[in-house]
Amino acid sequence: MLAHVLRVFGARKEIELWIARLQSEPAAFLINFLTPERTCFYQTAYQEAYQKYSPGTILCLMAMERTWREGLHEFDFMDGKEPFKQRWTNQKRELNKMLVFHKSLRGSLGVLVLIVFRAYEKFVSSLFG
């Protein structure tokens with residue numbers, strides 16, 4: 001599925017994939033969604049063997065630099081509770097979520113399961129921080 005998204009959005013220049021290499025080995029990757037107004041950080045990951053070099057951080061900084069160089073004024077970390085997002089941002093935006101479901105017993109049960117699961121997640125995170 002990700003390959004399909006990269007291909008379709010890539011053709012429209014709405015997504016970018018950055019890859020950091022150390023001695024020709026892939027060390028990290030970064031995926032951003034692109035809009036005319038901003039760069040939207042989606043995902044990054046790195047190989048544990050290269051952790052001390054911070055390849056994911058370097059890719060993120062390079063993507064930010066490119067964002068500013070192109071005249072955009074926002075690098076959006078989007079949704080998520082990762083600690084680095086709290087350290088690197090100077091502004092927060094509230095997200096509103098909408099549930100759309102089929103008006104049937106199956107749809108209603110699906111929404112109920114989702115609501116219970118989300119409440120459980122919040123409860124557990126409040127216990128363990």
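This short talk walks through the aromatic rings of this structure.

The model is predicted: local features need pLDDT of at least 70, side-chain atom pairs count only at pLDDT 80 or more, and totals for chains, interfaces and linings use all residues. Residues are numbered from 1 along each chain as its sequence is written, and side-chain values use heavy atoms, with hydrogens and water left out.

How many aromatic pairs does a search of the whole structure find? Eight. Rings of Phe, Tyr and Trp (its six-membered ring) pair if their centres lie within 6.5 Å; planes under 30 degrees apart count as stacked, over 60 as edge-to-face and the rest as tilted.

Take F75 and F77. Their ring centres are 5.4 Å apart and the planes meet at 70 degrees, so this pair is edge-to-face. Buried or exposed? Buried means under 20% relative accessible area, exposed over 50%, partly exposed in between (1.4 Å probe, protein chains only). F75 is buried at 10%. F77 is buried too, at 7%.

Next, F84 and W88. This pair is also edge-to-face, with 6.0 Å centre to centre and 80 degrees between the planes. Both sit in helix 3, residues 83-88, four residues apart, about one turn of the helix. Helices (H or I, at least four residues) are DSSP runs, numbered from the N terminus. F84 is partly exposed at 21%. W88 is partly exposed at 31%.

Now put them together. F41, F75, F77, F84 and W88 form one aromatic cluster.

Last, a charge. R12 lies over the face of F9, 4.9 Å from the ring centre. The rule: NZ of Lys or CZ of Arg within 6 Å of the ring centre and within 35 degrees of the ring normal.

Conventions. Helix = DSSP H or I, 4+ residues; strand = E, 2+ residues; numbered from the N terminus.
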